Amino acid sequence: MDLTEQKAAARKAAFARRKAAHEAGLSGSASFLSEVIAGYRGVPLSGYMPIRTEISPLPAMAEAAAYGPVGVPVIQGAGLPLKFSRWEPGCAMIKGPFGAEIPAREDFITPEIMIVPLVAFDRRGGRLGYGGGFYDRTLEILRANGPVLAIGFAYAAQEAEGLPLEATDQPLDMIVTEQGVLSF
């Protein structure tokens, strides 16, 4: 089985675990995420608008927006890094690529903290995403220009061992789940 097939199999298994966790009603569990980012009040932050069965960071993002800029990812095109448009609770939103909402008014920020969605993670900071490489490209560019704290946000059930990773996969600095925080 080549790396592409390994990643596809790992994604399929992780999607099933994530769906089960989501259906179990764990979706409102952002308290640990709120605690982590409370220590960085005012620092530019990016979150994401949850789609399908992703765990929702919205409560933590709303708290952070009271103290400083919060952005959500805007996909510019295949092979390009993400940009982050300023988001506030209740702001006008439109449909973006892949079904995620984006702010109707573009106002781009550069985050120093990124809350990163994922399909699976491991205890070494490895992350398996959807396969487009958007977050890997973006983190590589941002990290080349200064420190960026990458926080994976997921259900604990999304943990996996032996993720099929590549040299271009950017590691996470921390994973936050509904059960706690893992730092690397």
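Modeller: The largest pocket holds about 600 Å³ of space. A pocket here is an open set of points on a 1 Å grid over the protein atoms alone, where a 1.4 Å probe fits, with protein on both sides within 12 Å along at least five of seven lines. The volume is the space filled by probe spheres set on the points, joined across faces, edges and corners.

Colleague: What kind of model is this?

Modeller: Predicted: local features need pLDDT of at least 70 and side-chain atom pairs 80 or more, while totals for chains, interfaces and linings use all residues. Numbering runs from 1 along each chain, and side-chain values use heavy atoms, without hydrogens and water.

Colleague: Which residues lie nearest the centre of the largest pocket?

Modeller: Ile75, Arg127, Tyr130, Phe134 and Tyr135, out of 31 lining residues, each with an atom within 4 Å of a point.

Colleague: And which helix gives the most to that lining?

Modeller: Helix 4, with four residues. Helices are DSSP runs (H or I, at least four residues), numbered from the N terminus.

Colleague: New topic: how many aromatic pairs are there?

Modeller: One. Phe15 and Tyr130 have ring centres 5.8 Å apart and planes at 35°, so the pair is tilted. Pairing needs centres within 6.5 Å; planes under 30 degrees apart are stacked, over 60 edge-to-face, the rest tilted.

Colleague: Where do the two sit?

Modeller: Phe15 is in helix 1 and Tyr130 in the loop between strand 9 and helix 4, 115 residues apart.

Definitions and conventions:
Rings of Phe, Tyr and Trp (its six-membered ring) pair if their centres lie within 6.5 Å; planes under 30 degrees apart count as stacked, over 60 as edge-to-face and the rest as tilted.
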